[in-house]
Amino acid sequence: MNANLHPPFRGWSRVEEGMKHGTGGEKTPRIGLVLSSGGARGLAHAGVIQVLEKNNIPIAAIAGCSMGAYVGALWAAGLNGEQLEARAREIKDRKALKALLDYVIPPSEGLIRGEKIRRHFERDLGTKTFADLDKPLLVIATDLDRLTPHVFDSGFVSHAVHASAAIPAICAPVHLNGRRFTDGGTSEPLPVTLLKNRLHLDHIIAVNVMPMPGDFEAGLDGTLVTGDKTTGNFISRIFRLFWRKLNLLAAGNVLDTFRRALMAAQLRLIAKEEAAADVVIHPRFTTSTWHDFENFGHYLQAGRDAAEAALPAIRELLSPTQLNQETISHEIAPSHTRLECLAA
């Protein structure tokens with residue numbers, strides 16, 4: 001296990017007080033929120049946050065990777081759910097997204113650098129450090145030199161999020177402090193155990209926007225289905241055939257193969273971490289792409305629907321009776337109840 005996962009958490013006097021007294025009184029359990037990786041699907045995290053705010057669900061700490069780190073950091077910095085939605089709506093079409101892409105030429109390290117996206121993110125974050133945030137935040141990236149997960153909990157938040165969201169083979173690795181980092185979703189796509197142990201929380205709500213392991217086999221998720229089009233005139237068919245040979249992301253080409261292998265590993269890591277959560281909120285999508293940000297309305301609503309379905313289970317976590325039972329059962333033998341809430 002990476003030693004970086006366990007050093008003492010520093011710079012959070014309000015967290016230390018919360019560990020002694022709770023976040024809302026002696027009988028209020030400390031609940032952590034974990035936000036998964038998932039590209040554009042991660043916009044659903046903002047919809048979940050809107051429901052949590054509307055229902056006054058107290059969140060003591062946040063952990064996220066990739067898009068989950070992006071959304072979680074903005075929330076930890078003080079943006080509310082409506083402001084998060086406003087940021088999502090800025091990418092209203094493919095042209096708006098392309099304006100944020102800084103291409104690497106030649107693309108030896110990746111296709112894009114990610115510096116423009118980081119600067120866009122810094123409109124709200126500026127030079128804030130983790131100690132400046134309103135809520136404790138853990139951002140998880142993958143250390144390419146040590147081949148381990150790395151937890152950022154100090155330094156500039158925007159740099160940590162940039163590292164955490166650097167999609168392998170799409171984004172160039174991020175160089176920080178003499179080391180190279182890439183997407184946290186490759187090593188800790190849903191860091192439930194990490195957050196609970198690191199900050200000694202009572203309960204964890206996990207938001208997983210990724211597919212289920214069996215969804216592809218059952219035909220419930222078409223994200224990776226990329227059938228060749230045979231319609232159109234002769235010229236258009238020839239062009240598509242030519243482009244398919246050049247497009248590394250096309251079905252069967254090298255980046256498509258890499259993406260499929262990576263997702264296979266991610267889904268199994270996520271399944272293990274879901275089992276450690278107390279409530280799993282799982283917005284569902286029939287298909288999506290990592291860059292499908294113009295469909296923000298669909299993702300936001302899916303997050304709201306899934307969170308609404310989870311509210312009864314979340315309120316159970318806030319019950320003093322539930323807290324007392326959890327404490328007693330933990331003293332006898334640690335155990336967790338997993339309540340999964342899905343929305344189509």
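A residue is called buried here if its relative accessible area is under 20%, exposed if over 50%, and partly exposed in between (1.4 Å probe, protein chains only). Keep that in mind as we look around this predicted model, where local features need pLDDT of at least 70, side-chain atom pairs count only at pLDDT 80 or more, and totals for chains, interfaces and linings use all residues. Residues are numbered from 1 along each chain as its sequence is written, and side-chain values use heavy atoms, with hydrogens and water left out.

**First stop: Tyr70 and Phe121**

The structure holds three aromatic pairs. Rings of Phe, Tyr and Trp (its six-membered ring) pair if their centres lie within 6.5 Å; planes under 30 degrees apart are stacked, over 60 edge-to-face, and the rest tilted. Select Tyr70 and Phe121 to see a tilted pair, 4.5 Å centre to centre with 45° between the planes. Tyr70 belongs to helix α3 (residues 67-76) and Phe121 to helix α6 (residues 115-125), so this pair ties together parts 51 residues apart in sequence. Helices here are DSSP runs (H or I, at least four residues), as are strands (E, at least two), numbered from the N terminus. Tyr70 is buried at 18% relative accessibility, and Phe121 is buried at 3%.

**Next: Phe285 and Tyr299**

Now select Phe285 and Tyr299, an edge-to-face pair at 5.1 Å centre to centre and 70° between the planes. Phe285 sits in the loop between β8 (279-283) and α11 (296-317), while Tyr299 is in helix α11, 14 residues apart. Is Phe285 buried or exposed? With 5% relative accessibility, Phe285 counts as buried. Tyr299 is buried too, at 0%.

**Last stop: Lys135 and Trp75**

Finally, select Lys135, which lies over the face of Trp75, 4.3 Å from the ring centre. A charge sits over a ring if NZ of Lys or CZ of Arg is within 6 Å of the ring centre and within 35 degrees of the ring normal.
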